[in-house]
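Here is a short tour of charged side-chain pairs. Take a look at the model, and then we can go through the pairs together.

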Amino acid sequence: MKKFLLVMFAALCCAVTSFAADECPKGWTLDIDAALKKAKAENKKVYLLFTGSDWCGYCIRLKNDVFSKKDFKKIAQKSLVPVYFDFPHKKEISPAQMKIQLQWAKKFGVRGYPTAVILDANGNKIGEIGGYRPAKAYINELKKFTGSKNGKKK
């Protein structure tokens, strides 16, 4: 717990000194409230990713090895609203965004990166995928929470 708090405090300190625009990958959002509304309207799940995009080796591998795969993109498009919560060391995150990210990390007990939390449209946790797995294993794990097979809802 101390380690988690130390990491979160360090991230917050970095955020307080920076005011650059927040960034996320194309097709993802930083806005959890908008994601929940969209998930409800489209009968989807929210895929909430906690990552360290510029320093976490497994986060970088997850991005390169999993998120680039056609199968992941298909599931994400049909079943998920992806939310990107980044805790970088070199990039700048606004204090307001960092505060939101820290609140959600605390709510779900995130202790390491990468961690994906899958929510229903009401914001209730229905699953979690912690750490890195090769693409096929990661996508199979994700399918358990989305109710999808090959990107198609059951």
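Glu42 counts as partly exposed, at 39% relative accessibility; that term covers the range between buried (under 20% relative accessible area) and exposed (over 50%), using a 1.4 Å probe and protein chains only. Its partner is Lys44, and the two side chains meet in a salt bridge with an N to O distance of 3.1 Å. Here a salt bridge means a side-chain nitrogen of Lys or Arg within 4 Å of a carboxyl oxygen of Asp or Glu. Lys44 itself is buried, with a relative accessible area of 13%.

A word on the basis: this is a predicted model, where local features need pLDDT of at least 70 and side-chain atom pairs count only at pLDDT 80 or more, while totals for chains, interfaces and linings use all residues. Residues are numbered from 1 along each chain as its sequence is written, and side-chain values use heavy atoms, with hydrogens and water left out.

How many salt bridges does the structure hold? There are four, among them these:

| Pair | Closest N and O atoms |
|---|---|
| Arg61 and Asp65 | 3.7 Å |
| Glu128 and Lys125 | 2.6 Å |

Arg61 and Asp65 both belong to helix H3 (residues 57-67), where four residues, about one turn of the helix, separate them. Helices are DSSP runs of H or I with at least four residues, numbered from the N terminus. Arg61 is partly exposed at 41% relative accessible area, and Asp65 is partly exposed at 27%.

In the other tabulated pair, Glu128 is partly exposed with a relative accessible area of 34%, and Lys125 is partly exposed with 39%.

Definitions and conventions
Helix = DSSP H or I, 4+ residues; strand = E, 2+ residues; numbered from the N terminus.
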